[in-house]
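Please look over the sequence and the fold below before reading on. The paragraphs that follow start from one pair of residues, widen to the whole chain and then return to a single position.

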Amino acid sequence: MEKGKVYLVGAGPGDPKLITVRGLEALKRSDVIVFDRLAGPQLLNFAKPDAERIYVGKLPDRHTMKQEDINRLLVDLALQGKTVIRLKGGDPTVFGRVGEEADLLQKNGIIYEIIPGITSAISVPAYAGIPVTHRDMASSFSVITGHESPDKLDLSIYWDKVTNATGTLVFLMGVAKIAYISDQLIKHGRSPDTPVALVQWGTRAEQKTVVGTLSNIEERVKAANLKPPAVIVVGDVVRQRETLSWIEKKPLFGQRILITRARSQASDLLAKIDDLGGETYEYPVIEMKLPEKPEQLQEIEQALAQAEAYDWVMLTSVNGVEYFFRWLDRYGVDIRRFHKAKFAAVGPKTADALRDRGIRADLLPESFRAEGLLDSLDGVIAPGQLALLPRGDLARETLPKELKERGVRVVELDVYHTVLSAPKDLWLPEMLENGEIHVITFTSSSTVVNLMEALRQLGVSNPAEALRNVEIACIGPVTAQTAKEHGLTVTVVPEKYTIDGLVEALVDRRRMTKGD
Ligand code: SAH
């Protein structure tokens, strides 16, 4: 069998967007992903859906896998002919033991690549507003291991040399030994007033910074109950934080927000939250599928075959538009065959989707719900007319019902089905339990129903209980009603039932709960 290949890749400090383009390419093409805790789980969304995911970090009932076993695992997988990615936090060559992994691969004649990553040593301070060098304050920096275990005093550090060798000192794995580190530095000649910062979980929603001086930092770390992982920065550069702190000032900073919409529809919401400093956690629970049963296909084909007969085509969602056109293409129906029909579009996004395809809607109901469409139909649509309603299988019944009551002949067409997409990311229950998800956004009733079902499938017996401490944000009253029916306490419903409205409401809610 041909041997596989191993990519030893730096995943960056935590924010999944801080992986390199080359690293991302390797991730997308790998058959197996070997990762640990510092390489964020959200990166796994980029993997091939059927890629095998092997977690080698700590679990409640298991220690971190031994380094020798990881080395062996990489070799074995490659010998099976697989393309393997070993994702490591930060940069793989900075306290990442990549040398040992590469060594054994080399000995076994396996091809590998080392793809650098953004090390936490510089990026974590940067996210706290601390550039590690400065024209006037520090013209060099050192990255030093502090070794997390408090009983293991590292004798390989020459404190006399390290203390004064460079301007800025950056310690990784040093939280538990902060007292020892500051003592050594003072003992070897640094002023007790030297500024120090500890940045915990930098670039993630949990990012927290404690600032002090060599003489008082231990106390402050204790008072703040700061835990690993954190980067320690020692030197005058720390002062820049007073003016340069940036991400912490954004309105959604510190919030990890779960996005439940279908991946294909989530980009707008993701980008807006990201821009406001929130951390997005994609967890798509719905997926759109084309109907497949012969009788369904026949129904669609027949409905489209009489394109010339319709007086109206009414679209109520972007998906409706998207899938309607897919079917037209599939059955070779040119849109111009609907020459008699007027088009109605509910909501500005639906109208935009139509316009992208060269059609300007004749009717744009004011309200975003089907009821608004009905008011605007008065005097426009006449009894006896024929209307086509291409939509999803879960669409609400209000529109066709009321149209029929007005004597309109209605052809309802399921152009797509909404199904539960079983998430590959198994971390959600644990994150909920640890309070690591702060907000969940629901953009339709089906996202509510499916998230509850997904949680049940992941072994959560009482999903409403698991979501008790999470802010529940719904795009509008219908979705909110569904959430309530499922036992959730809805805390955010925007005045305008759009993505922009939802994002604004999230910011308002954050301001309110933060008390400013
Ligand atoms: N190869 C990694 C470092 C591995 S050692 C890199 O280049 O970043 C692990 C240590 O890195 C942790 O103990 C902590 O000091 C630091 N670290 C990694 N990610 C971090 C983060 N997001 N926030 C704070 N510290 C981090």
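**A walk through the predicted chain**

In strand β4, I85 is the residue that stands opposite I33. The model in which this pairing is seen is a predicted one, and the pairing belongs to a run of four bridges through which β2 and β4 (residues 83-88) are joined in the parallel sense. Strand β2 also has a partner in β3 (residues 52-55), to which four bridges join it, again with the strands running parallel. Here I33 stands opposite R53 of β3, so that the position of I33 can be followed into β3 as well as into β4.

Which way do the side chains of β2 point? Across residues 32-35, V32 and V34 point one way from the strand, while I33 and F35 point the other way, and all of them are buried.

With this strand in mind, the reader may turn to the chain as a whole. The chain is divided into four parts, with domain 1 covering 5-118, domain 2 covering 122-244, domain 3 made up of 256-285 together with 422-514, and domain 4 covering 307-416. Between the centres of domain 2 and domain 4, taken over C-alpha atoms, there are 62 Å, and the C-alpha trace of the chain spans about 95 × 65 × 45 Å along its principal axes. The secondary structure comes to 19 helices and 20 strands.

Of the 516 residues in the chain, 51% are buried. When contacts between residues at least 6 apart in sequence are considered, 69% of them join residues at least 24 apart. The chain exposes about 24,500 Å², of which carbon and sulfur atoms supply 50%. Its charged side chains number 65 positive and 70 negative, and the centres of these two sets lie 2 Å apart.

A last stop is G146, which is found in the loop between β6 (141-145) and α5 (159-165). Is this glycine buried or exposed? The relative accessible area of G146 is 4%, and because buried means under 20% relative accessible area, G146 counts as buried. Leaving aside residues up to four places away in sequence, G146 touches L172, M173, G174, K177 and I181.

Technical notes: Residues numbered from 1 in each chain as written. Predicted model: local features only at pLDDT ≥ 70, side-chain atom pairs only at ≥ 80, totals over all residues. Heavy atoms only, no water. Domains from an automatic or database assignment. Helix = DSSP H or I, 4+ residues; strand = E, 2+ residues; numbered from the N terminus. Buried < 20%, exposed > 50% of the residue type's maximum accessible area, 1.4 Å probe, protein only. Contact = heavy atoms within 4.5 Å. Areas by Shrake-Rupley, 256 points an atom, 1.4 Å probe, with all protein chains shown as cover. Lys, Arg positive; Asp, Glu negative; His and termini not counted. Charge placed at Lys NZ, Arg CZ, Asp CG, Glu CD. Pairing = 2+ DSSP bridges.
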